[in-house]
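Please read each one with the structure open.

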Amino acid sequence: MSTLRNVVQRRNHKERGQLSSREKFGLLEKKKDYLLRAKDFHSKEKRLKAMREKALFRNPDEFYFKMINSKTKNGVHIQQRNEELPAEMIQLMKSQDKRYIKYHRDLSKRKMEHLKESLHFLDDGEIQNDDDEEEEEEEEASSRKKAKSNHIVFVDNEDQVKRFSPAKHLDTLPELVNRKFNRPTIKQLRKANIIAPENNHDLKEIKKERERAYKELASRMKREEQLQKAEKELDIQKALREKGRKKKVGVDEYGLSVYKWKAERKK
C-alpha cells in the first residue's frame, strides 16, 4: 500500500510569497529567517547585559598606561602614529601587508625608470615669442648665476688639445654639442626616424607633452615616497608589538617617533 501511495502524484506545496500590495516591505519572512534574526538579537542582548554587569562591578582604582597614551576621535580609537600618514596610505596598510606594498613599490620604480629614459628623447619645444624669449633669457641668466656645470675631458698632451673636436669626441653633430641632454649620437640619428616640427603649433604640442611627462614623473616620485613611508611604518608597528624594553629617542624625517630597544642577551 505504501508503494502505491508513492506512485500516485501528489500536489507540490509551494511557499507563500509576499502580497503585491506589500512588495515595498521586501520578501515575506519565513520561520528560518525569523530564527536567524532572533538568534542575532539575543546574542546582542547577552553581550549588552555582560557589559552592564562589568561596568557595575568595575574597580574605580583600576589604571593602566594605555588610558593616557591612547585617545579617541569622535568615539573611534586612533593611533597617534597614523596621524602623520595620508588617509589612503593608512587604508592600504590596514588592508594589505608589507609584501603587497613592496610589490607596488617595485612596479612604481620600473615605471619611473622607463619615464626618465623616455624624457631624454623628448624635444625641448621652445616657442619663439617675444615674451617667452625674454622670460627664458632671464631664467637662463639666473640659472647660470646659481650653478655652472662643465664637461671636462682629459687628454695626454697639448697637441691633442689643439686637435680636440667635441663633436667627434661625443660622436654627435656639431649643432647638438651644447646640449646637456637629448644629445643622440650619429649612429642613433641614422637608425631613428626623427620627425622635426614644421610649425609653431607642433612645438607647442611637444612642450605640452614634455610638461605632462614631468608632472607624471613628479606624482610617481611622490607616491614612491609615500609607499616607502608606509612600508617603514609597518616595520616599526610590527616591532612595537613585540616584547622588549624600548625608549623614545627622537623623531624621524617624517615626524614619527623613533624608538631604541634595550639590548638583551639571547639564550
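1. The largest nonpolar core consists of five residues: Met112, Leu115, Leu119, Ala213 and Leu217. Such a core is a set of buried Ala, Val, Leu, Ile, Met, Phe, Trp, Tyr and Cys residues joined through side-chain atoms within 4.5 Å; buried means under 20% relative accessible area, exposed over 50% and partly exposed in between (1.4 Å probe, protein chains only). Two or more residues each are given by helix 5 (98-119) and helix 10 (200-241), and helix 5 provides the largest share, three residues. Helices (H or I, at least four residues) and strands (E, at least two) are DSSP runs, numbered from the N terminus.

2. The structure is a predicted model, in which local features need pLDDT of at least 70 and side-chain atom pairs count only at pLDDT 80 or more, whereas totals for chains, interfaces and linings use all residues. Residues are numbered from 1 along each chain as its sequence is written, and side-chain values use heavy atoms, without hydrogens and water.

3. Apart from neighbours within four places in sequence, Leu217 is in contact (heavy atoms within 4.5 Å) with Met112, Leu115, Lys116 and Leu119.

4. Tyrosine 64 is situated in the loop between helix 2 (31-56) and helix 3 (66-69). Tyrosine 64 counts as partly exposed because its relative accessibility is 45%.

5. Helix 2 is hardly covered, with one buried residue among its 26.

6. The chain contains 10 helices and four strands. Of its 267 residues, 16% are buried.
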